[in-house]
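The exercises below ask the reader to work through charged side chains and a pocket, one step at a time. Please look at the sequence and the structure before turning to the solutions.

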Amino acid sequence: MANMQTTKTPMPEQDANVRNHNFDEVALGYTAEMAVSEAQRCLQCKKPPCVGGCPVNVRIPEFIAKVAEGDFQGAYDIITSTNALPALSGRVCPQETQCEAVCVRGKKGEPVAIGRLERFVADWYMENVNKMPEKVPSNGKKVAVVGSGPAGLTCASDLAKKGYEVTMFEALHTAGGVLVYGIPEFRLPKAIVQNEVDKLEAQGVNVMTNMVIGKVLSIDELFEMGFQAVFVGSGAGLPMFMGIPGEALVGVYSANEYLTRVNLMKAYLEEDDTPIIKSKAVAVVGGGNVAMDAARCAKRLGAEHVYIVYRRGEAEMPARAEELHHAKEEGIELRVLCNPVEILNDGNGRVGAMKCIRMELGEPDASGRRRPVEIPGSEFELPVDTVIMSLGTSPNPLIRSTTPGLETNRKGCLIVNEDTMMTTRDQVYAGGDAVTGAATVILAMGAGKKAAEAIDASLSK
């Protein structure tokens, strides 16, 4: 029997006033009973729009039907036929703007909780089975994957399944890319990412950390070493700043640096020696998911006041509604229609306050959003001792500057053929944030998948 409940089965969560003092996962996950009940809300459409809304084309109604039957192993097998990383995408994918946005149930109520069901299935498998994949016999062809984020992990996994000898090069000391340095533990536990890396290694992928391609080895040298194709999934790790006075003061971070210290270097652990300022009042400049992550980390690290400073209104914030909701529940304070103009010195070379000006929304700009306009004479000071700039990122220029023939656009993103993901260099492919600029995990996974298909088609000729 279909479950005609108009709302999603609620997700169990830690209490807001408890979780804002720890780094444990906020969402606790469905029980089996909850998952079966939610799966029964699916209408099993004959022409399911949800599949087309998924960047990796998960066979959504099919896996949900298995959940409704209580066949969780069958559901996992269906999901992983197209999605190599369901425990990750089930947690951090913006389903509300993709598969769930076109769910038929959403026309007269809330859509089916596709992301929550995907997470449940992946977690069930990890807790109850977690069988490591077997290595496929080698086809004798070697491929290098640069970067171990979602694009690299997906590309490497898909190629390994086809018998390619894959070596993955990661610049940092831990594999996982943005999944380990950018996304906090309370949204994506690092044990889950490590489990995916372990599966890759079981498939025969050679994971090499502390390998900065463009510095330790060049793309040309990878070809000289016998690699027949190279996939670049190096992400977008170069932070942007505003260029206002005071940005060089002690206590000003990019969100990238702040989150890397917290997430990858475990600055939140008492026994860890990663230096990070013990802030009393923090201003995070920006309104996206990364800004929410930085603000929520600052709160957990003990800051009494954490402000999100954003030049447009709350309705214009690009962050996921769920992340904004969680942040507000945890005591993050919004200062919208405000823009920093200067960071003030406390007299000792450290942040003493942030000078802002109030804004109002004018006519729409090129993005379609109303342009923020300064209100003359409305300056005020926000008393903070730490400022975190979360204004977006762009690809690091290292690879493009050391690889002849590799063309980029004006934003420094690699130019690719959209059908094959091949760059302007023969047999050099790219995907994820290195191509799009900062985007989502699932879009990066889709690019890695497409590139793996193209690499296989090319090297199989």
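**Exercise 1.** Does Glu25 count as buried or exposed, and what is its relative accessibility?

*Solution.* The model is a predicted one, and the values that follow are to be read with that in mind. The cut-off for buried is under 20% relative accessible area. Glu25 has a relative accessibility of 16%, and therefore counts as buried. The side chain of Glu25 joins that of Arg119 in a salt bridge, with 3.0 Å from N to O. This pair links distant parts of the chain, since Glu25 sits in the loop between α1 (16–19) and α2 (32–39) while Arg119 belongs to helix α7, 94 residues apart. Arg119, with a relative accessible area of 6%, is buried.

**Exercise 2.** Find which side chain of opposite charge is nearest to Glu118, and state how far away it is.

*Solution.* Begin with the position of Glu118, which is found in helix α7, residues 114–128. Glu118 is buried yet has no salt bridge, and the nearest side chain of opposite charge, that of Arg91, is 9.0 Å away. A salt bridge requires the nitrogen to lie within 4 Å of the carboxyl oxygen. As for its surroundings, when neighbours within four places in sequence are left aside, the contacts of Glu118 include Val58, Phe63, Ile79 and Asn83.

**Exercise 3.** Describe the second largest pocket, and say which helix gives the largest share of its lining.

*Solution.* The second largest pocket holds about 510 Å³ of space. It is lined by 25 residues, of which Arg116, Arg320, Glu322, Glu323 and His326 are the closest to its centre. Helix α14 provides the largest share of this lining, with five residues, and α6, α7 and α14 each supply at least two.

**Exercise 4.** Which parts of the chain are tied together by the salt bridge between Arg296 and Glu330?

*Solution.* The side chains of Arg296 and Glu330 meet at 2.9 Å, N to O. Because Arg296 lies in helix α13 (residues 289–300) and Glu330 in the loop between α14 and β9 (333–336), the pair ties together parts that are 34 residues apart in sequence. Arg296 and Glu330 are both buried. They also belong to a network of salt bridges, whose members include Glu13, Arg19, Arg187 and Asp293. The structure as a whole holds 25 salt bridges.

Methods
Residues are numbered from 1 along each chain as its sequence is written. This is a predicted model: local features need pLDDT of at least 70, side-chain atom pairs count only at pLDDT 80 or more; totals for chains, interfaces and linings use all residues. Side-chain values use heavy atoms; hydrogens and water are left out. Helices (H or I, at least four residues) and strands (E, at least two) are DSSP runs, numbered from the N terminus. Buried means under 20% relative accessible area, exposed over 50%, partly exposed in between (1.4 Å probe, protein chains only). Lys and Arg count as positive and Asp and Glu as negative; His and the chain ends are not counted. Contact means heavy atoms within 4.5 Å. On a 1 Å grid over the protein atoms alone, a cavity is a set of points where a 1.4 Å probe fits but cannot get out, and a pocket is an open set with protein on both sides within 12 Å along at least five of seven lines; lining residues have an atom within 4 Å of a point. Grid points are joined across faces, edges and corners, and a volume is the space filled by probe spheres set on the points.
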